[in-house]
Amino acid sequence: MDDEQHQHSIYVCLFFFMIIVLFKVLRRQIQANSFPVAEQQAIRVLFIGNSYTYFNDLPLLTQQLAASKKAPKKLETEMVVIGGATLKNHWKRGEALRLLKAKRWDYVVLQEQSTLPITNPKEMYKYATLFDTEIKRVNSQTVFYLTWAKQNQPETQQILTDAYMSIAKELKAKVAPVGIAWQKIQEANLKLNLYSSDQSHPSPIGSYVAACVFYITFYENSPVGLSRRIYSSNASTPQQSNRIELEISETDAQMIQQLVEYIVKKI
C-alpha cells in the first residue's frame with residue numbers, strides 16, 4: 001500500500017471514530033434530558049394545600065383507587081401541606097415553588113384555605129395566578145381543588161363553587177369539583193356523613209369521595225368499579241400515619257362513583 005492509500009485509510013478510520021464518539025455524546029445528552037421509562041409511564045401529581053388535603057391522606061387514597069382499577073399509568077403523588085395555610089402562605093414560604101421546579105409534574109393541585117374564596121377572593125385569585133404562571137413554565141397543568149362548605153354553612157357552597165370555577169376558567173385550568181360532589185351526595189343520602197366531628201374536615205368517606213373526583217380528573221376515566229375498601233391514615237396532622245381500614249357498602253360506593261362521574265363530566 002503506498003503512502004497516499006495509507007493516509008486515506010487513516011482518514012476513513014478517524015472519520016468513523018468521530019462519528020461513533022459523536023453518537024455516544026448525543027445519546028448521553030438525550031438520556032440526561034429524558035425521564036426514565038418508568039417515570040414516563042406514571043402520572044405525577046403535586047398537591048399544594050392544607051388539612052383538607054392531608055386529612056386521611058387524600059393523595060394516598062387516590063393512588064389506592066388508581067391501583068384498584070389497574071390504571072394504565074401508575075399514580076405518583078407528593079404534597080406540600082401546612083395546617084390552615086393559604087396559597088399566599090405557600091407562595092411566601094417557597095417550599096412548594098422549589099419542589100414544583102425540581103421535578104416533573106403532570107398536574108399541580110392548588111387548594112386554597114377553606115373560607116378564603118368567600119372572605120377574600122381577590123387574594124385567592126392573585127396567588128392562584130402566580131402559581132399557575134410557574135406551573136405553566138414547567139409544562140404542567142393546574143388543577144383547582146374545589147372544596148366544600150362547612151357542615152353548618154351549606155349556603156356558602158355556591159360562593160366557593162363560583163370562586164373556583166371563575167379563576168379556573170380565566171386561567172384555562174382543570175377543576176376537581178369535590179365540593180359539588182359532596183353537596184349532591186349528601187342530598188342523595190343524608191345518612192352518609194362526609195364530615196368529621198368538627199363539621200369542617202372530611203371523614204374517611206368524605207375523603208373517599210374526593211379521591212374518586214381526583215381519579216376521574218387525572219385519568220379522564222370512569223370511577224365506577226373502583227375499590228370500596230380504602231386504607232386511610234386517619235391523619236389530623238401531616239406527620240401522622242396511623243392506618244385504619246374502611247369498607248364502603250356496595251350500594252353507597254356505586255352511588256358515590258356514579259354521581260361523581262356525572263358531576264365531573266357535566267363540568
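This is a predicted model: local features need pLDDT of at least 70, side-chain atom pairs count only at pLDDT 80 or more; totals for chains, interfaces and linings use all residues.
Me: What makes N56 count as buried?

Reply: Buried means under 20% relative accessible area, exposed means over 50%, and partly exposed is in between (1.4 Å probe, protein chains only). N56 has 3% relative accessibility, so it counts as buried. You'll find N56 in the loop between α3 (51-54) and α4 (58-68).

Me: What does the side chain of N56 reach, and how do you know that this is a polar contact?

Reply: It reaches the backbone oxygen of P202 at 3.1 Å. A polar contact is a pair of N or O atoms within 3.5 Å; within protein, one must be able to donate a hydrogen and the other to accept it, and residues adjacent in sequence count only if both atoms are side-chain atoms. At 3.1 Å, the N56 to P202 pair is therefore inside the 3.5 Å cut-off.

Me: What share of the whole protein is buried?

Reply: Buried residues make up 48% of the 267 residues.

Me: Why is α11 said to be largely enclosed?

Reply: Because 15 of its 16 residues are buried, α11 is largely enclosed by the rest of the structure.

Me: How does the reach of α11 compare with the expected span?

Reply: The expected span is 1.5 Å times one less than the number of residues in the helix. Helix α11 (residues 204-219) reaches 22 Å from its first C-alpha to its last, close to the 22 Å expected. Just after α11, E220 takes a positive phi of about 55°.

Me: Why is the R44 and E78 pair called a salt bridge?

Reply: A salt bridge is a side-chain nitrogen of Lys or Arg within 4 Å of a carboxyl oxygen of Asp or Glu. R44 and E78 meet at 3.7 Å, N to O, so the pair makes the cut-off. This pair links distant parts of the chain, with R44 in strand β1 (residues 42-49) and E78 in strand β2 (residues 74-81), 34 residues apart. R44 is buried, because its relative accessibility is 8%, whereas E78 at 24% counts as partly exposed.

Me: Which residues are linked with R44 in a network of salt bridges?

Reply: E76, E78 and K103. The structure holds 12 salt bridges.

Me: What makes R137 exposed, and which side chain does R137 meet in a salt bridge?

Reply: R137 has a relative accessible area of 60%, so it is exposed. Its side chain meets E134 at 2.7 Å, N to O. Both lie in helix α8 (residues 121-137), three residues apart, about one turn of the helix. E134 counts as buried, because its relative accessibility is 13%.

Me: Why do R93 and E95 count as partly exposed?

Reply: R93 has a relative accessible area of 47%, so it is partly exposed, and E95 gets that label at 33%. R93 forms a salt bridge with E95, the closest N and O atoms being 2.7 Å apart. E95 is in helix α6 (residues 95-102).

Key
Residues are numbered from 1 along each chain as its sequence is written. Side-chain values use heavy atoms; hydrogens and water are left out. Helices (H or I, at least four residues) and strands (E, at least two) are DSSP runs, numbered from the N terminus.
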